[in-house]
Amino acid sequence: MPATPTDKPRLTLAQIFNMSVGFFGIQFGWDLQRANMGPIYEYLHANADTIPFLFLAAPLTGLLVQPVIGYMSDHTWSPRWGRRRPYFFAGAVISSIALIFMPHSSTLWMAAGLLWVLDTFGNVSMEPFRAFVADKLNDSQRTQGFVMQSLLIGLGGCIASALPWIMTNWLHIAHTAPSGTIPDNVRYSFYIGAFFFLAAVLYTVFTSNEYPPATITEAEKVQEERKGFGGGIKEINYAIFHMPRRMKALALVQFFTWPGLFLMWFYYATAVARNVFHASSETDPLFNEGASFAGLTLSYYSIITVLFAFVLPSIAARLGRKVTHSICLLCGAAGLISVGFVSDKYLLFACMTGVGIAWASILSMPYAMLSGALPENKIGVYMGIFNFFIVLPEIIASLGFGWIMKHLLHDNRLLAVEIGGMLMVLAALLCYFIVNEKSST
């Protein structure tokens with residue numbers, strides 16, 4: 001018989017680990033590009049105010065891909081491959097190919113196109129993973145499951161962000177290159193990222209099983225098949241306009257949380273290179289030195305995420321998920337805002353401590369709060385819709401922040417990072433005051 005929300009067996013820690021390893025690989029690929037795409041664009045002669053536009057295609061596609069993949073995975077079942085695992089596999093293969101080709105980009109549009117492929121198929125892998133956790137775990141273990149996800153995401157991000165620095169400082173691989181080309185330390189890092197992305201996802205695919213979908217009558221099967229693509233679109237639209245109340249509140253929190261992260265990923269590495277290391281241009285050796293050091297500090301915040309993930313469940317059990325998430329967001333905001341006051345590069349590690357605490361919570365608490373409010377047979381599509389409120393801020397930032405950067409901030413990358421911290425403060429306040437954790441609707 002299919003497992004229902006009330007009779008799902010408790011899983012061992014090893015089983016929860018196995019089903020979460022894929023997150024390690026996906027985040028390895030994403031943190032590699034997040035730490036390096038800003039510098040890569042500047043190696044290819046992008047201006048600071050054009051960089052947000054170069055990140056635009058991926059979120060626009062994600063806006064369509066995420067709910068569609070969620071809907072499709074809700075309605076997929078193979079006795080051998082399960083419901084979500086076919087999407088993990090397909091997304092990982094194509095994303096890994098994009099990672100291999102990314103450091104060979106010779107033009108801005110080639111790099112932006114490969115980023116679009118990487119983000120699109122990264123979402124094909126990642127979106128069903130959120131539903132996978134809710135599918136497999138009963139209510140009492142979901143916080144543990146999402147926190148395990150945070151731990152492995154943090155571990156993947158830690159290694160990925162530090163890779164260019166490791167290549168240069170431990171393996172003595174060149175970190176400079178002629179104008180218009182990408183240095184070898186970045187190039188080899190992307191090759192390694194492709195391997196880990198695919199290997200980690202395959203590990204989960206072959207070590208984890210899935211529960212079959214709830215039994216439905218033959219008449220219901222026929223009705224489902226007759227829906228077709230148009231019926232799927234109608235179901236997605238219906239779900240958008242009938243979101244549970246708690247989901248609406250959490251969506252607003254997400255909407256103001258993620259711009260802070262996007263602005264950090266857009267500008268933090270180049271802000272460190274130019275404002276802390278005082279590089280004069282992207283060809284200055286100090287630029288790559290600063291960008292690599294920034295990657296090291298991003299790796300450090302991922303270490304903090306891993307460590308904090310061990311204590312996050314106990315904190316949430318004492319304070320509640322809502323209060324815990326609000327406090328963690330304030331820690332992240334403090335970390336981003338304080339970057340503007342740094343003159344000694346080593347103080348950046350203190351700034352990133354707050355970001356690491358916030359990141360652990362961002363990756364787990366909203367999903368743990370949300371999953372209990374969703375109907376079991378529509379978790380995939382609702383998780384896809386929930387990710388709208390990650391993608392929409394990125395689209396808005398990509399469309400509008402270039403103008404702000406040029407006309408109001410005068411290309412000051414450090415101010416952009418601080419604005420991200422201020423938006424995170426707003427998200428923390430919204431979480432505390434509008435999220436009703438007790439309501440199941």
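These entries record what I looked up on cavities, a pocket, a surface patch and salt bridges.

**Basis.** I worked from a predicted model, in which local features need pLDDT of at least 70 and side-chain atom pairs count only at pLDDT 80 or more, while totals for chains, interfaces and linings use all residues. Residues are numbered from 1 along each chain as its sequence is written, and side-chain values use heavy atoms, with hydrogens and water left out.

**Entry 1, cavities.** I searched a 1 Å grid over the protein atoms alone, taking a cavity as a set of points where a 1.4 Å probe fits but cannot get out, and lining residues as those with an atom within 4 Å of a point. Grid points were joined across faces, edges and corners, and a volume is the space filled by probe spheres set on the points. I found two cavities of 30 Å³ or more.

The largest cavity holds about 350 Å³. I noted 23 lining residues, of which Trp30, Arg34, Phe262, Ile390 and Glu394 are the closest to the centre. At least two lining residues come from each of H1 (13-43), H3 (57-74), H5 (108-136), H9 (245-276) and H15 (388-407); helices here are DSSP runs (H or I, at least four residues), numbered from the N terminus. I sorted the lining into 14 nonpolar, five polar and four charged residues, with Ala, Val, Leu, Ile, Met, Phe, Trp, Tyr, Cys and Pro as nonpolar, Asp, Glu, Lys and Arg as charged, and the others, Gly among them, as polar.

The second largest cavity holds about 80 Å³. Its 13 lining residues include Asn36, Pro164, Val186, Ala291 and Ser292, the closest to its centre. H1 gives the most to this lining, with five residues. I counted seven nonpolar, six polar and no charged residues there.

I then took the second largest pocket (a pocket is an open set with protein on both sides within 12 Å along at least five of seven lines). Its space is about 200 Å³. H9, H15 and H16 each supply at least two lining residues, and H15 gives the most, with six. The lining comprises 11 nonpolar residues, one polar and no charged; Phe255, Pro393 and Leu423 are among them.

I looked up a nonpolar patch formed by Leu252, Leu429, Tyr432, Phe433 and Ile434, with about 490 Å² of accessible area together. Patch members have over 30% relative accessible area and no salt bridge, with nonpolar side chains joined within 5 Å; areas come from the Shrake-Rupley method with a 1.4 Å probe. Helix H16 (residues 413-434) gives the most, with four residues.

I counted seven salt bridges, each a side-chain nitrogen of Lys or Arg within 4 Å of a carboxyl oxygen of Asp or Glu.

Arg274 pairs with Glu42, the closest N and O atoms being 2.8 Å apart. Arg274 is in H9 and Glu42 in H1, 232 residues apart. Glu42 is buried at 1% relative accessible area (buried means under 20%, exposed over 50%, partly exposed in between; 1.4 Å probe, protein chains only).

Glu235 pairs with Lys378 at 3.2 Å between the closest N and O atoms. Glu235 lies in H8 (residues 218-241) and Lys378 in the loop between H13 (365-371) and H14 (379-386), so the pair ties together parts 143 residues apart in sequence. Glu235 is buried at 10%, whereas Lys378 is partly exposed at 25%.

Key. Patches are made of residues with over 30% relative accessible area and no salt bridge: like charges are joined within 9 Å, nonpolar side chains (Val, Leu, Ile, Met, Phe, Trp, Tyr) within 5 Å.
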